[in-house]
Amino acid sequence: MMKAVQPIGIFDSGIGGTSIWKEIHTLLPSEDTLYLSDSKNAPYGNKTKDAIIALAVKNTEYLLERNSKIIVVACNTATTNAIKVLRQNYDVPFIGIEPAIKPAALKTKTNTIGILATKGTLNSELFEKTSSNLSSNPIIIEQIGEGLVDLIENGKIHSDEMNRLLKKYLKPMMNANADHIVLGCTHYPYLKEKIQNIVGASVNIIDSGSAVAIQTKNILSEHNLLISGTRTPINKFLINKNKAVLTKILSDYASRINIEEEDF
């Protein structure tokens, strides 16, 4: 039986899911967390569905061995391709993350939205189902963010190559008069300021981080697994490649976290 004092397990194909961790930690500051950064296998978005499922299973079992009470799949590609399998095979609550196209579709004034995501997310059955079941019928400009995750994982967020790729990928959305852009990868919130500078202040940029944190809290509450009271949490991060990049991106939290490089 799961206990409230056990950690919230979180995994991603790399450091991008830390954007989700930050939202969870802000909302649930007393909860222990265990974050798995599978950076040596990043990005997941260009792998086959079977390969993505295998990696998601590996990460899940690693987190369960360390007594995670809930698992947040902080990766759009892993969610859209593997979460159904995970829920069928493991007796633990799972929280997934999908591109926030529903709120974008409801709020658009130009009836055009853009989505920047990985190939694995855009080609998935779950994404197709979500986008085809919208109550409205907006024009959706889909764009694979080829190369963006690699640059983020290698600490090149502010590189000329990043700027070049973003301008290239965002141009079709701007040409189509999209007024909302959905970030369909947990790495991409780290590019939000750059994207906003390119598309202008009139375009709304949406990610799923806050919604995932709220859903995590709700599910923990339903299962009586929320920590009660105030306590100092243990926030542990495990990464299997390039610890320095993860350390830098979490530098504001240095006094509250422990980062270890480990092969898994």
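## Strand β1

A residue is called buried when its relative accessible area is under 20%, exposed when it is over 50%, and partly exposed in between (1.4 Å probe, protein chains only). Helices (H or I, at least four residues) and strands (E, at least two) are DSSP runs, numbered from the N terminus. This is a predicted model, in which local features need pLDDT of at least 70 and side-chain atom pairs count only at pLDDT 80 or more, while totals for chains, interfaces and linings use all residues. Residues are numbered from 1 along each chain as its sequence is written, and side-chain values use heavy atoms, with hydrogens and water left out.

In strand β1 (residues 8–12), five of the five residues are buried, so the strand is largely enclosed by the rest of the structure. Ile8, Ile10 and Asp12 point one way from β1, and Gly9 and Phe11 point the other way.

## Neighbours of β1

Strands count as paired if DSSP finds at least two bridges between them. β1 runs parallel to strand β2 (residues 33–37), and five bridges join the two. Within β2, leucine 34 is the bridge partner of glycine 9. Between β1 and β2 the chain passes through helix α1 (residues 18–27), and this β-α-β crossover is right-handed; that is, with the strands pointing away from the viewer, the path from the first strand over the helix to the second runs clockwise.

Strand β3 (residues 70–73) is also parallel to β1, with four bridges between them. Isoleucine 71 of β3 stands opposite glycine 9, and isoleucine 70 of β3 stands opposite isoleucine 8.

## The sheet and its helices

The open sheet has six strands in the order β4-β3-β1-β2-β9-β10, with parallel pairing. β4 (94–95) and β10 (257–261) are the edge strands; each has a single partner strand, so one side of each is left without a neighbour in the sheet.

Helix α2 (residues 49–65) packs on the sheet and touches β1, β2, β3, β4 and β9 (235–239); contact means heavy atoms within 4.5 Å. The direction of α2 makes about 155 degrees with that of β1. Axes are lines fitted to C-alpha atoms, for helices over the stretch in contact, and angles run from 0 to 180 degrees between N-to-C directions. Helix α10 lies across β1, β3 and β4, at about 160 degrees to β3.

## Packing of α1 and α10

The axes of α1 and α10 (residues 209–222) come within 8 Å and cross at roughly 50 degrees. That makes α1 oblique to α10; angles under 35 degrees count as roughly parallel, over 145 as roughly antiparallel, 65 to 115 as roughly perpendicular and the rest as oblique. The crossing is right-handed, meaning that the near helix is turned clockwise from the far one by less than a right angle. Ile20, Glu23, Ile24 and Leu27 of α1 meet residues of α10 including Val212, Ala213 and Thr216.
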